[in-house]
Number of protein chains: 2
Amino acid sequence: MVYLIVVYGINVNRIDAVRKFLKTYLTWIQNSVFEGEVSESQFAEIKTTVKDLIDEKQDSVIFYKLKSRKLVDKETIGTSKGEVMNII
Amino acid sequence: MVYLIVVYGINVNRIDAVRKFLKTYLTWIQNSVFEGEVSESQFAEIKTTVKDLIDEKQDSVIFYKLKSRKLVDKETIGTSKGEVMNII
């Protein structure tokens, strides 16, 4: 298993589909962040499906992969809700 | 030194100030992500200043802190430019 932090910048036309898919594997942490533990084969599947769902010329998804959740300390300032938007 | 990944969801009224500040310590990776190596005292300063710049009731900033950049594998799908917006 690996620990994933997924951060994305995706056009509003495609974002709902990407979020709906990522929710099947990961936890929605903040507006543009998902986290969770997955197997290497699930990680491969996530990348393949995300590639299909986004427009690679316009959108961007970063996968940070850690061997364990314990390797990262996390601190949050402000609201912990995922509803904040960078652009209004 | 520690390696920081900073992800934020910040109202458009305050985002320029936060980005301008973070750029003095870190590298802008994507619309809502900064990364970089800083000392523990710089990390403390970053948190204090970010707290001053944001509205903690509306905005959210997550700091992922790693002992080393080497502990995380990073893969990017799509554009590497930081100009993509989640909301249009």
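**View 1. The largest nonpolar core of this predicted model has 42 residues.** Val6(A), Val7(A), Val33(A), Val6(B), Val7(B) and Val33(B) are the members that touch the most others. A nonpolar core here is a set of buried Ala, Val, Leu, Ile, Met, Phe, Trp, Tyr and Cys residues joined through C-beta atoms within 7 Å. Buried means that 20 or more other C-beta atoms lie within 10 Å of a residue's own, exposed that 12 or fewer do, and partly exposed covers what falls in between, with C-beta atoms placed from the backbone. In soluble globular proteins, nonpolar side chains tend to be buried together. Setting aside neighbours within four places in sequence, Val6(B) is in contact with Leu22(B), Leu26(B), Val33(B), Phe34(B), Val61(B) and Phe63(B); contact requires C-beta atoms, placed from the backbone, within 7 Å. Because the model is predicted, local features need pLDDT of at least 70 and side-chain atom pairs count only at pLDDT 80 or more, while totals for chains, interfaces and linings use all residues. Residues are numbered from 1 along each chain as its sequence is written, and chains are lettered from A and ligands numbered from 1 in the order in which they are written.

**View 2. Leu26(A) sits in the loop between helix H1 (12–22) and E2 of chain A.** Leu26(A) counts as buried because it has 20 C-beta neighbours inside 10 Å. Beyond four places in sequence, its contacts are Leu4(A), Val6(A), Phe34(A), Glu35(A) and Gly36(A). With Gly36(A), ten residues along the chain, the C-alpha separation is 4.8 Å.

**View 3. Five strands form an open sheet with antiparallel pairing, in the order E2(A)-E3(A)-E1(A)-E4(A)-E5(B).** Strand E2 (27–30) of chain A and E5 of chain B each have a single partner strand, so one side of each lacks a neighbour in the sheet. Helices (H or I, at least four residues) and strands (E, at least two) are DSSP runs numbered from the N terminus, and two strands pair if DSSP finds at least two bridges between them. Within chain A, E1 (residues 2–9) and E4 (residues 60–66) run antiparallel, joined by seven bridges; here Tyr3(A) stands opposite Leu66(A).

**View 4. Where the chains meet, 41 residues of chain B are in contact with 41 residues of chain A.** Elements giving two or more residues to the chain B side include helix H1 (12–22), helix H2 (40–53) and strand E5 (72–78) of chain B. Strand E5 (residues 72–78) of chain A pairs with E4(B) in the antiparallel sense over seven bridges, and Val72(A) has Leu66(B) as its bridge partner.

Technical notes
Contact = placed C-beta atoms within 7 Å.
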